[in-house]
Amino acid sequence: MKRFLIIAIITFIFENPLRAEMINFNCNFKEGGQSEGGKDYPAKKMQALKITLDKDKKIIKDNKRQFDPYTEDKENIYWTHNWAEWSDKYSLNLATNHLEISGVNKTPGWTKNYYYTCLKVDKKPVKILNN
């Protein structure tokens, strides 16, 4: 009985690793533009974005950086990225897979609004290894 209990505990530890839910999106630029000094400028075609959403840690990563933890409101996820001179706000609608990026430059006073259409690439648990 004691041997069975030890084997059962070891099996449970190795067979049920913690799992993190990662969702990957490929987002293609749809439309957008910038405004500066009262003049509007259409955005040139922006590069596609790859976004990874870590549902357990509530963290978003894109092609270039990891963002602060996101917040959720119904089917929308919101996150920001702030620099000394400007800030960007992101909103991803999980029902429609539409991503909106709006930004404001604090000194010269320009704004931007970019719209992307995202495709959910996969949604599968990832094993977390315990060190």
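Buried residues are those under 20% relative accessible area. The model shown in these views is predicted.

**View A. The disulfide between Cys27 and Cys118.** At a relative accessible area of 7%, Cys118 falls under the 20% limit and is therefore buried. The sulfur atoms of Cys27 and Cys118 lie 2.1 Å apart, and the link is right-handed, with 105° about the S-S bond. Cys27 belongs to strand S1 and Cys118 to strand S9, so that the pair links distant parts of the chain, 91 residues apart. A search of the whole structure finds 1 disulfide.

**View B. The largest nonpolar core.** This core has 20 residues, and those with the most contacts inside it are Phe25, Cys27, Ile60, Trp79, Leu99 and Tyr116. At least two core residues come from each of strands S1 (19–36), S3 (49–54), S6 (76–82), S7 (86–93), S8 (98–105) and S9 (110–127). Strand S1 gives the most, with 4 residues.

**View C. Surroundings of the core residue Tyr116.** Leaving aside neighbours within four places in sequence, the residues in contact with Tyr116 include Cys27, Phe29, Met46, Leu49, Leu99 and Ile101.

**View D. Lys112 in strand S9.** Lys112 counts as buried, because its relative accessibility is 13%. The side chains of Lys112 and Asp88 are joined by a polar contact of 3.4 Å. Beyond neighbours within four places in sequence, Lys112 is in contact with Gly33, Gln34, Asp88, Ile101, Ser102 and Gly103.

Terms used:
Residues are numbered from 1 along each chain as its sequence is written. This is a predicted model: local features need pLDDT of at least 70, side-chain atom pairs count only at pLDDT 80 or more; totals for chains, interfaces and linings use all residues. Side-chain values use heavy atoms; hydrogens and water are left out. A nonpolar core is a set of buried Ala, Val, Leu, Ile, Met, Phe, Trp, Tyr and Cys residues joined through side-chain atoms within 4.5 Å. Buried means under 20% relative accessible area, exposed over 50%, partly exposed in between (1.4 Å probe, protein chains only). Contact means heavy atoms within 4.5 Å. A polar contact is a pair of N or O atoms within 3.5 Å; within protein, one must be able to donate a hydrogen and the other to accept it, and residues adjacent in sequence count only if both atoms are side-chain atoms. A disulfide is a pair of cysteine sulfur atoms within 2.5 Å.
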